[in-house]
Amino acid sequence: MSATKSKSPRAAKKSVEAGDESPNGMKFNVATTPEGLKRSILNHLKFTLARDAQSASKRDWWIATCHAVHDRILERFIQTMETHHGGNVRRVYYLSLEYLMGRMLNNNIWNAGLMEPVKEALKELDLDLADLEEQEEDMGLGNGGLGRLAACFLDSLATLEYPAVGYGIYYEFGMFQQEFRDGRQAEKPDAWRKFGTPWEIVRPIYCQTVHLYGQVEMNFDDLGNPHPTWVHTRQLIGLPYDIPICGYGAKTVNFLRLWESRASQDFDLKIFNEGGYVQAVQEKAIAETISKVLYPNDSSEQGKELRLVQQYFFVSCSLQDIIRRWKDKNSDWSKFHEKNCIQLNDTHPAITVAELMRILVDEEGIEWDRAWSITRKVCNYTNHTLLPEALEKWSVPLFEKVLPRHLQIIFELNRRFLEDEVEAKWPGDDEMKSRLSLIEEGYPKMIRMAYLSVIGSQAVNGVAALHTRLLRQNLFADFDALYPGKLQNKTNGITPRRWLQGCNPRLSSLITRTIGDGWQSDLDRLQKLGDYADDAAFQQEFMEIKRANKVDLAELVLNETGVKISPDAIFDVQIKRLHEYKRQHLNLLHILHLYRKLLHNPDLDMQPRVFLFGAKAAPGYTLAKKIIHAINAVGEHINSDERIQGKLKVLFMPNYRVTLAEHMIPAADVSEQISTAGKEASGTGNMKFALNGALTVGTLDGANVEILEEVGEENIFIFGLTVEEVDELRARGYNPFDYYYNDPDLRAVVDWVGSNTFCMDEPGALTPIRDSLLDGGDPFLVLADFAAYCEAQERIDAAYRDKKRWARMAILNTARVGKFSSDRTIHQYAKEIWNLNAVPVG
């Protein structure tokens with residue numbers, strides 16, 4: 001972060017009295033006028049940071065501004081908590097291992113209705129808000145779509161005034177910062193908390209103790225009834241930090257509670273005094289590894305163990321906290337479910353089911369069947385994957401080592417489930433029992449955490465209509481037969497506050513001037529833009545905004561990579577987690593297809609194209625990292641080739657994160673959503689791009705199907721095999737060599753990427769990509785969809801030449817994706833799963 005000193009502020013005017021209204025009409029006891037905010041910023045600079053205006057750095061001004069905004073949010077936060085606590089309201093608790101929050105200042109200013117007063121206050125101090133925002137690090141709390149969805153949901157829950165608390169882990173280093181060294185991904189720690197964050201509130205009074213390892217002793221009461229006791233455990237402390245979540249209009253401010261792991265005994269003075277200086281702090285070091293990083297590499301047994309401990313740590317802390325809060329006003333366990341609803345975001349918090357049973361049975365002394373009834377009424381589970389290999393499983397030996405009491409509980413749950421429920425539905429069907437068992441036979445035996453989530457939840461949901469249909473037909477077909485109606489669909493959504501208003505202020509201003517305000521909390525109002533889709537003046541302004549955003553991105557690309565790109569080219573963007581099923585390598589093959597055509601004919605009549613990528617590969621995912629290397633190597637070769645006259649550029653932007661997405665999405669012309677049909681659960685990047693006027697090229701996968709339904713087939717570029725065609729092809733026996741030998745162009749580009757052309761200094765470096773597509777069986781049907789993908793790209797080239805047509809298509813994409821607001825999704829969860837009512841805060 002820059003430590004550049006800013007200009008000295010102008011002389012401060014007399015402070016404004018407290019009790020102002022914000023521009024959105026909410027009452028604050030702290031001043032929200034420009035003058036009041038200016039005074040608050042100066043006060044925090046002096047009394048919080050001990051700095052004066054002349055010596056303050058940009059970071060100092062950023063912190064002071066954050067605190068000034070935070071003060072006003074905290075006032076509403078306290079009022080919200082008073083209302084919720086005083087009313088003993090029903091809450092939803094959202095448990096997620098990741099939250100991809102991004103930067104907070106801009107979003108909080110918008111949601112608190114303080115944008116204009118803050119800008120004016122900073123202007124009077126000779127400061128620029130956009131400049132200060134660059135001092136903020138993205139919160140390192142997430143990685144991909146799962147975490148970004150969780151962040152959008154928190155925004156919508158607060159905006160819609162639903163009582164809610166998010167729970168997660170307060171990672172010290174998050175995922176990792178990505179660098180490219182000779183085109184290869186290199187990971188270094190993302191030390192985003194190194195200097196603290198002004199948004200956090202530490203809550204030591206609510207620390208929780210977590211038990212691990214140990215053994216189970218069987219004790220008996222006077223009647224001979226067994227009472228298992230978990231003993232000789234190691235203990236950890238969970239220290240909570242709260243991040244206030246301000247809803248749009250600042251009517252409700254909920255919070256995200258994040259747990260940091262601490263040792264129960266930080267320092268052994270006796271060992272230290274005996275000269276064991278390192279050993280004296282060993283327990284502290286070991287304990288604190290649990291909240292160090294998101295998704296530690298699990299390729300080793302130690303990594304697997306750390307992941308399991310990490311998941312249990314945050315679940316145990318969260319459940320204890322939920323119960324503590326409930327006990328403050330309640331005592332009747334038969335009504336526990338009336339005040340508490342828990343949503344499991346994927347299988348990472350699945351241990352919630354067993355942990356809640358342990359607390360109820362072992363600590364509260366509740367009879368097993370009653371405890372199971374309570375658990376099933378409280379828990380709900382969201383599935384985010386169709387990949388069987390991505391459904392989390394833990395080995396029985398590992399579970400026995402780390403959580404011996406929970407293993408007993410899971411075994412007992414499984415016994416009762418198979419004997420009582422499965423046997424009743426399918427009498428004598430041992431094959432069905434084997435299929436539905438929580439325990440997968442083999443060596444070692446594995447615990448199926450998704451299955452535990454299903455049987456322990458009141459409701460289970462998919463995240464797109466196609467995804468849910470495939471869950472019912474394939475992954476959870478037997479459970480769907482056992483529990484009719486339990487599997488629901490809740491198509492994902494995005495918050496328009498961040499993903500249009502915040503990241504694309506030019507377009508937001510045009511929309512407001514055209515159709516009026518209010519669309520930020522009612523995205524269906526954007527349908528009115530459809531009336532202007534053929535209006536020449538509106539088309540011109542819409543596309544001028546797109547070009548201005550492209551100019552901004554081109555400047556960022558130049559600064560980050562040193563490569564100059566033209567804003568007049570088609571900006572074709574693929575930004576998402578790097579995985580084979582997302583098929584960044586299909587995009588790469590098409591790039592090579594274009595490059596080959598240009599080399600054969602440098603005067604080829606084609607629209608200049610800039611391909612932009614952003615993605616991180618898991619540190620242990622070797623092939624994904626090879627794909628990154630290949631894209632960078634090909635890009636370096638193409639970008640320096642003067643023969644093609646600048647018609648093709650390829651850039652892989654380093655360290656993909658929310659802030660980078662906020663620059664790339666508003667500037668995109670084409671949105672790449674090209675996963676193999678039946679593999680992507682939903683996707684939310686597709687929604688963000690469409691909302692900002694980018695046109696989708698995609699398969700009929702995930703939420704692409706519903707985007708097609710909303711925007712119309714004439715405003716999207718669909719290609720490739722459908723789910724049914726994929727299944728048929730696999731049933732016949734898919735052989736990638738059939739496509740390789742029958743398509744000379746495909747054969748040429750596959751051989752090209754596997755050759756040494758792009759890695760002369762390291763022969764064979766990219767060969768694994770070619771091998772995966774041929775000898776490896778091409779598991780995600782890249783070669784099968786190649787020709788259709790190239791044809792779709794030709795349609796894009798033709799459409800872009802017709803400027804009026806393209807403008808109309810882009811406008812209609814923005815106008816017709818109101819369905820994909822996370823507000824709609826949250827309303828559906830609240831009504832159909834959580835039985836949750838909005839609670840207005842006075």
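**Close-up 1. Left-handed crossing of helices α22 and α25 in the predicted model**. Helix α22 (residues 536–561) and helix α25 (residues 658–667) have axes that come within 8 Å and cross at roughly 140°. Angles over 145 degrees would count as roughly antiparallel; α22 and α25 are therefore oblique to each other. From α22, the contact is made by Lys546, Asn549, Lys550, Leu553 and Leu556. From α25, Leu660, His663, Met664, Ile665, Pro666 and Ala667 take part. Of the residues in this contact, seven are nonpolar, two polar and two charged.

**Close-up 2. Contact between helices α12 and α15**. The axes of α12 (residues 352–363) and α15 (residues 404–425) come within 9 Å, with a crossing angle of roughly 100°. Because angles of 65 to 115 degrees count as roughly perpendicular, that description applies to α12 relative to α15. On the α12 side, the contact is made by Val353, Ala354, Glu355, Met357, Arg358, Val361 and Asp362. The α15 side contributes Arg405, His406, Ile409, Ile410 and Leu413. The residues of the α12–α15 contact comprise seven nonpolar, one polar and four charged.

**Close-up 3. Span and buried residues of helix α33**. Helix α33 covers residues 803–815. At 1.5 Å a residue, its 13 residues should span 18 Å, which agrees with the 18 Å between its end C-alpha atoms. Buried positions in α33 include Trp806, Ala807, Met809, Ala810 and Ile811. Leu812, Asn813, Thr814 and Ala815 of α33 are buried as well.

Conventions
Residues are numbered from 1 along each chain as its sequence is written. This is a predicted model: local features need pLDDT of at least 70, side-chain atom pairs count only at pLDDT 80 or more; totals for chains, interfaces and linings use all residues. Side-chain values use heavy atoms; hydrogens and water are left out. Axes are lines fitted to C-alpha atoms, for helices over the stretch in contact, and angles run from 0 to 180 degrees between N-to-C directions. Helices (H or I, at least four residues) and strands (E, at least two) are DSSP runs, numbered from the N terminus. Angles under 35 degrees count as roughly parallel, over 145 as roughly antiparallel, 65 to 115 as roughly perpendicular and the rest as oblique. A crossing is left-handed if the near helix is turned anticlockwise from the far one by less than a right angle, and right-handed if clockwise. Contact means heavy atoms within 4.5 Å. Ala, Val, Leu, Ile, Met, Phe, Trp, Tyr, Cys and Pro count as nonpolar, Asp, Glu, Lys and Arg as charged, and the others, Gly among them, as polar. The expected span of a helix is 1.5 Å times one less than its number of residues. Buried means under 20% relative accessible area, exposed over 50%, partly exposed in between (1.4 Å probe, protein chains only).
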